[in-house]
Amino acid sequence: MDAVHNQVFFPSTMQDLFASWNRFPDAVPFAGGVSFVRNRDDRYALTLPANILSLDGLSELQRITRTERYIEMGTMVRLNDIINLGKPIPPVFTRALNCIAGPELRSLATIGGNICYPARHLNATAPLIALDARYELRTALTSRWISAARFSSFSGPPAFNPQELLTRIRIPLEQWNYSLFKRFSDPYPEDETGGSLVFIARIQKNILTDLRVVFAGETVIRDKNSEAVLSGKHLPLDRRDIGHFMELWEAFLAELNAPGVMMKARILNFIEEAALELAD
Ligand SMILES: Cc1cc2nc3c(=O)[nH]c(=O)nc-3n(C[C@H](O)[C@H](O)[C@H](O)COP(=O)(O)OP(=O)(O)OC[C@H]3O[C@@H](n4cnc5c(N)ncnc54)[C@H](O)[C@@H]3O)c2cc1C
């Protein structure tokens with residue numbers, strides 16, 4: 001007999017989940033479900049795919065563990081629960097999550113759903129790339145860890161294999177003494193010009209030992225060459241070094257087709273302001 005369509009599966013084990021996915025390869029993972037609420041003619045309505053795999057009953061996706069070196073969380077952890085963890089979470093990540101809608105939505109939306117949103121990169125992406133986070137991806141038969149940078153590639157949807165689920169996120173607990181997060185307009189849902197930018201720096205004994213600048217919106221942008229120009233410099237930074245750093249950024253952005261001219265200008269302004277805070 002042909003399988004019936006329009007079904008919601010509520011697996012309680014990963015084995016059940018992949019068995020259902022195998023039977024219905026078109027089934028779509030459903031985490032908090034926030035992204036299935038669409039604004040049409042100024043009214044919000046739930047638009048659901050034919051077959052849904054609810055992730056709600058998978059207790060292993062709700063876990064949070066911590067070691068001295070990193071914090072690890074299942075992808076069904078809600079945004080508010082991460083914010084409420086407080087101190088161990090790198091401040092730039094907490095700030096990015098706090099900028100997402102209101103507390104009601106953040107208590108429904110999950111970190112996995114934010115990272116996997118297929119149409120564009122949402123708030124969690126830039127900080128997780130900058131912090132060198134790693135993601136666990138599982139299918140019925142395989143498990144692999146990849147960097148956040150590889151998963152949320154330059155543009156296009158996340159790098160999934162067929163019937164692959166994002167299951168865990170591992171964030172290194174390193175000290176970043178200077179961290180800024182900036183959201184340019186609302187990235188959700190249709191604003192193609194939106195995005196967010198992260199500027200984080202590690203300062204040890206008055207030396208800027210590490211710097212990372214990441215933009216994520218329609219595309220992901222990072223220029224390691226310009227970061228290297230300021231890394232190793234004494235604080236306060238010399239304005240000529242910042243000038244050189246900005247020239248590299250300008251040249252780098254000029255080569256890219258996206259984002260648009262206005263967004264490029266806003267990115268440059270923010271990076272320059274952030275760097276000048278470290279000058280005399
Ligand atoms: C009014 C409103 C305002 C918003 N404002 C912002 C904002 O300012 N910034 C921002 O970043 N976001 C914003 N969002 C988007 C919201 O943060 C994301 O849609 C949300 O984080 C998705 O989480 P979710 O748990 O509801 O995911 P879902 O909606 O359930 O899933 C999102 C997508 O990811 C897939 N998915 C989910 N989990 C997994 C997994 N573990 N493995 C594989 N695929 C998976 C789903 O199939 C789906 O395609 C807003 C949303 C609304 C409705």
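The following is a working chat about the predicted model shown above.

Biologist: Before we start, what should I keep in mind about how this was made?

Modeller: This is a predicted model, in which local features need pLDDT of at least 70 and side-chain atom pairs count only at pLDDT 80 or more, while totals for chains, interfaces and linings use all residues. Residues are numbered from 1 along each chain as its sequence is written, and side-chain values use heavy atoms, with hydrogens and water left out.

Biologist: How many helices and strands does the protein have?

Modeller: There are ten helices and 14 strands, where helices (H or I, at least four residues) and strands (E, at least two) are DSSP runs numbered from the N terminus.

Biologist: And what is the radius of gyration?

Modeller: The protein has 20 Å, which agrees with the value near 19 Å that a compact globule of 280 residues would have; the radius is taken over C-alpha atoms, and the globule rule is 2.2 Å times the number of residues to the power 0.38. Along the principal axes, the C-alpha atoms fill a box of roughly 75 × 45 × 35 Å.

Biologist: How much of it is buried?

Modeller: Buried residues make up 47% of the 280 residues, with buried meaning under 20% relative accessible area, exposed over 50%, and partly exposed in between (1.4 Å probe, protein chains only).

Biologist: Changing topic, which peptide bonds are cis?

Modeller: The bond from Leu235 to Pro236 is cis, with omega near -5 degrees, and Pro236 sits in the loop between helix 8 (224-230) and helix 9. The bond from Ala258 to Pro259 is also cis, with omega near 5 degrees, and Pro259 belongs to the loop between helix 9 and helix 10.

Biologist: What about Ala101, what is its phi?

Modeller: Ala101 has a positive phi of about 40 degrees although it is not a glycine, and its place is the loop between helix 3 (91-98) and helix 4 (103-108). Ala101 counts as exposed because its relative accessible area is 52%.

Biologist: And where is Lys205?

Modeller: Lys205 is in the loop between strand 12 (195-204) and strand 13 (207-217), where it has a positive phi of about 50 degrees, although it is not a glycine. At 80% relative accessibility, Lys205 counts as exposed.

Biologist: Back to helix 9, is Glu247 buried or exposed there?

Modeller: Glu247 lies in helix 9 and, at 53% relative accessibility, counts as exposed.
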